[in-house]
Amino acid sequence: MESIIRILKRFIIATIAISIFLLIFNFILLGVWIFKGMNQGQSPSAVVQNVAKGLHVSFDAYSLNSSAEDMLKQNHAWAMLIDNNGHVVWDYMLPDDLPKTYSLTDVSKFTRNYLMDYPVFVWEHDEGVVVVGYPKGSLAKYQHILPTSWISSFPLRIASLLVVNIVLALLLSLIIGSRLIRSIRPLTQGIQDLAEDKEVYIEPKGILSNLAQSVNGASILLQQKSNSLKSRDEARLNWIAVISHDIRTPLSMVLGYASELEENNYLTAEQRSQAGIIRQQAEKLKFLVNDLNLVSKLEYEMQPLDKKPIRLSVLARQIVSEFINNGLDERFILEIESLDENIQVNADERLLIRAITNLIQNSINHNPDGCQILLQTSFNESNDTCSFTVTDNGKGISHNELTDLLELPYSSKRKQPSKNGHGLGLPMVARIARAHQGLLMISSDIGKGFSAEIVLPSIISDQKIKG
Amino acid sequence: MDDLKSKKLLIVDDEREIRTMIESFLRKEGFTRIYQASGCAETLEICRSIKPDIAILDVMLPDGDGFSLLTSLRQISDMPVLFLSARGEDEDRLLGLGLGADDYIVKPFLPRELILRLTAILRRVYLPPKREQLPVFNLGERIIDLEGGVVQNDSTEYSLTAKEHALLLKLYENKNRIVTSDALCQATWGDDYYGYENTLMVHIRRIREKIENNPSSPEYLLTIRGLGYKLMVKEG
């Protein structure tokens, strides 16, 4: 909307500038033309003046000097001198059809108009009046008679003419501009919608119908592409869902019979422990299938999130207690460091627990000789995020293998296949963080331990006010 | 208890091997009247003729889904139902429980878990309800009587306040396991640990004065630094 007003403003300013320029230009041009037309060749009044000046009387004989004569010749004009009695006393090239005497009435008539259709001009002379006549039809004579009030208000009229012109230009530009905007608005709206990945249809009409059709075409194309992408994602997701579903039934049988055998007292201890191994592996497979399903759902943004405010310190205590209660091997020391009780996030509790548990389990799995695992929460005031960090002081991993860890196993982005574990763990944690508009950062080097930090947007703690 | 073993059980699953496996587990547990069905129509028929006391339902069946089967079952029977499904999504679980199922187990499952949950449902539904007795247990020479709300030493008797009682109950329910301060505060005050740190500490000290021989170096109610507390109870 803002851009539309801006366009309209610029359009009006430009139109008015153009109109003013045209107006001034036309005025100047008109002035120049009239001025030029009046001064084309010798103006009749100049000719008649010259003739009057160049006509000399000496001893009753008239003589016209050569310059005046040339002037008459150039204009194909004739001339005569009428004395105070109305007689033609001198003439030059006077047409034969003209009378030789004129009454006062005749003189006053042709002074204003024509003498027998000849445009004539009159000038006074010592001996009477000099009349210069031009060929018939060569000149038009106009009398301009204007009231003085008209002349005195002339500047005002010019000014008001200018004002009226400007107002007219403004109005016209407003009308044209708004019509243009009206035809542009659906287009701009459509393009904005396109940018937001919405479906767009603009009725193609008016001068911009071509553009509207292209925008519609682009929208259809985008929609088709996103649909095909979506259907492909869905197909993959379904495929994984179906596989993980179909694995569950046979897995039930393996798990069921293996755990029955494990508890069967008729079997030898060795056979029972072998059945136990089958059961453990089947359970591993079960968790793997669950992870796979979750990762693929997160990957295609199909995992529904049950978000609620969660205090990270509470979560940390709960997870650590759970690990210790479930018999954490004494080679591992699991600790919580100086928690900020205020930090809260809006998150799916089960997923967040799964992510953090996974990080701790990673540290345990990759350091069979034992290590110290430290849980920290911190708040970053600069961007209102908070971090949940799991750090161990174990053997770590080389720096250039780090980026591989966040890619899915067997993905083309992964340089080397995963070495231990199924390799889904860290990608899953990263995707859980991403599903919460957060991210996972990992750092490590050989012999320097491993550190994973889940960064999440934090929410303002209402307890802060209370406490 | 033997009463429960004579209940009529119905297993509904489209996979014959799964039905056979579950039946063998149940027989081993002492259940004798076990029926099988492989689809919705068969299930409804058995329900009309045999009237089983409990059903284990699969969700994906060849002639319909378990959810709608449950809905139609409800018109002829009020028996408890346990879903056993390969569909483990939250939505499915909530849908099943929302329809009035008594439990929802996701495949793959451990047979022991299935049997424990099944008998729990049977006991809840078919055994006469008895008033829940609160535990009475020993800590050294002292008897902690949560039913009576007192701690008895051979010479003296301390009564427990409501909050002390609630804390001890929560700790006893999770005996020999760490209970986080958050869980304790949630159980006692229904609120987060945040803001209750000092209150909790005061209450724990008072409990120790009643149950410990030497409250300043406790041997039963232990502090787990940074996490919470743990009540050490010797079994038996």
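**Contacts between chains A and B and local features of the predicted complex**

In the predicted model, 26 residues of chain A are in contact with 25 residues of chain B, two residues being in contact if their C-beta atoms, placed from the backbone, lie within 7 Å. On the side of chain A that touches chain B, two or more residues each are given by helix H7 (209-262), helix H8 (269-299), helix H9 (312-325) and helix H13 (463-466) of chain A, where helices (H or I, at least four residues) and strands (E, at least two) are DSSP runs numbered from the N terminus. H7(A) supplies the largest share of that side, with 11 residues. Divided by class, the side of chain A that touches chain B has nine nonpolar, 10 polar and seven charged residues; here Ala, Val, Leu, Ile, Met, Phe, Trp, Tyr, Cys and Pro count as nonpolar, Asp, Glu, Lys and Arg as charged, and the others, Gly among them, as polar. For the complex, the predictor gives an ipTM of 0.76 and a pTM of 0.63.

Residues are numbered from 1 along each chain as its sequence is written, while chains are lettered from A and ligands numbered from 1 in the order in which they are written. Since this is a predicted model, local features need pLDDT of at least 70 and side-chain atom pairs count only at pLDDT 80 or more, whereas totals for chains, interfaces and linings use all residues.

Chain B has nine helices and 14 strands. Of its 236 residues, 33% count as buried, a residue being buried if 20 or more other C-beta atoms lie within 10 Å of its own, exposed if 12 or fewer, and partly exposed in between, with C-beta atoms placed from the backbone. Among the contacts in chain B with a separation of 6 or more, 51% are accounted for by residues 24 or more positions apart. The mean pLDDT (the predictor's confidence in each residue, from 0 to 100) of chain B is 87, and 97% of its residues reach 70 or more. Within chain B, confidence is lowest in helix H1 (residues 2-5), at a mean of 76, and highest in strand S1 (residues 9-12), at 93.

Three strands of chain B form an open sheet in the order S12-S14-S13, with antiparallel pairing; strands pair if DSSP finds at least two bridges between them. S12 and S13 of chain B stand at the edges with a single partner strand each, so one side of each is left without a neighbour in the sheet. From one strand to the next, the twist averages 30 degrees, with axes being lines fitted to C-alpha atoms, for helices over the stretch in contact, and angles running from 0 to 180 degrees between N-to-C directions. H9(A) packs on this sheet, touching S12 and S14 of chain B, and its direction makes about 175 degrees with that of S12(B). Strand S12 (residues 178-180) is joined to strand S14 (residues 228-231) of chain B by three bridges, and Thr180(B) stands opposite Gly228(B) in S14(B). Strand S13 (residues 221-224) of chain B is joined to S14(B) by four bridges; Leu222(B) has Lys230(B) as its bridge partner, and Thr223(B) has Tyr229(B). In the hairpin of S13(B) and S14(B), which has three residues between the strands, Gly226(B) takes a positive phi near 80 degrees.

The largest nonpolar core has 62 residues, of which Ala355(A), Ile356(A), Val429(A), Ala433(A) and Ile454(A) touch the most other members; such a core is a set of buried Ala, Val, Leu, Ile, Met, Phe, Trp, Tyr and Cys residues joined through C-beta atoms within 7 Å. When residues up to four places away in sequence are not counted, Ala355(A) touches Val429(A), Ile432(A), Ala433(A) and Ile454(A). Another core, of 30 residues, lies apart from it and includes Leu9(B), Leu10(B), Cys40(B) and Ile54(B).

The peptide bond from Lys107(B) to Pro108(B) is cis, with omega near -5 degrees, and Pro108(B) is placed in the loop between strand S7 (103-106) and helix H6 (111-126) of chain B. Met116(A), although not a glycine, has a positive phi of about 50 degrees; Met116(A) counts as exposed because it has 12 C-beta neighbours inside 10 Å. Asp384(A), in the loop between strand S11 (372-380) and strand S12 (385-392) of chain A, likewise has a positive phi, near 55 degrees.
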